[in-house]
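Keep the viewer open as you read.

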Amino acid sequence: HEIAALVRDARSAATRDMAVAALLIAAAAFRRRESRGGHFRSDFPQPDPNQAQRSFLTLSEAFTIAVRANAKAA
């Protein structure tokens, strides 16, 4: 949620671009229900061979994930 706010409130294109990249990475890691590579999740500590495939995520989907994650945390 905080990264999404950085995207919306960025004062420069460079800052916005960095925040967008961070949002996409964080949302993709949050959506994946396993630990893989540098994305360790204590709630899903083991890799899942069924998820060992390329995934795609739009910026709109990343914002939706951020909003839903924030709602669950509240």
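## Salt bridges

A salt bridge here is a side-chain nitrogen of Lys or Arg within 4 Å of a carboxyl oxygen of Asp or Glu. Please keep in mind that this is a predicted model. The side chains of R41 and D43 pair in this way, with a distance of 2.6 Å from N to O. R41 is buried, with a relative accessible area of 10%, whereas D43 is partly exposed at 47%.

How many salt bridges does the structure hold? There are three. R32 and E34 form one of them, at 2.8 Å from N to O. R36 forms a salt bridge with E34 as well, and here the closest N and O atoms are 2.7 Å apart. Through shared partners, R32, E34 and R36 are joined into one network.

R36 is partly exposed, with a relative accessible area of 31%.

## The setting of R41

Let us return to R41, which sits in the loop between α2 and α3. Buried means under 20% relative accessible area, so R41, at 10%, counts as buried. Setting aside neighbours within four places in sequence, R41 is in contact with A29, F30, R31, R32, R33, E34 and S35. That list includes R32 and E34, which are themselves linked by a salt bridge.

## Helices α1 and α2

Helix α1 covers residues 2–9 and helix α2 covers residues 13–31; they pack at an angle of about 155°, with their axes 8 Å apart. Angles over 145 degrees count as roughly antiparallel, and α1 and α2 are therefore roughly antiparallel to each other. Their crossing is left-handed.

On the α1 side, I3, A4, L6 and V7 take part, meeting R16, A19, V20, A22, L23 and A26 of α2. By class, this contact has nine nonpolar residues, one charged residue and no polar ones.

## Helices α2 and α3

Helix α3 spans residues 59–73 and packs against α2 at an angle of about 65°, with the axes 9 Å apart. The crossing of α2 and α3 is left-handed. From α2, the contact uses V20, L23, L24, A27, F30 and R31; from α3, it uses L59, E61, A62, F63, I65, A66 and A69. These residues divide into eleven nonpolar, two charged and no polar.

V20 and L23 of α2 deserve a look in your viewer: they meet α1, and they also take part in the contact with α3.

Notes. Residues numbered from 1 in each chain as written. Predicted model: local features only at pLDDT ≥ 70, side-chain atom pairs only at ≥ 80, totals over all residues. Heavy atoms only, no water. Axes fitted to C-alpha atoms, helices over the stretch in contact; angles between N-to-C directions. Helix = DSSP H or I, 4+ residues; strand = E, 2+ residues; numbered from the N terminus. Parallel < 35°, antiparallel > 145°, perpendicular 65-115°, else oblique. Left-handed = near helix turned anticlockwise from the far one by under 90°. Contact = heavy atoms within 4.5 Å. Nonpolar A, V, L, I, M, F, W, Y, C, P; charged D, E, K, R; others polar. Buried < 20%, exposed > 50% of the residue type's maximum accessible area, 1.4 Å probe, protein only.
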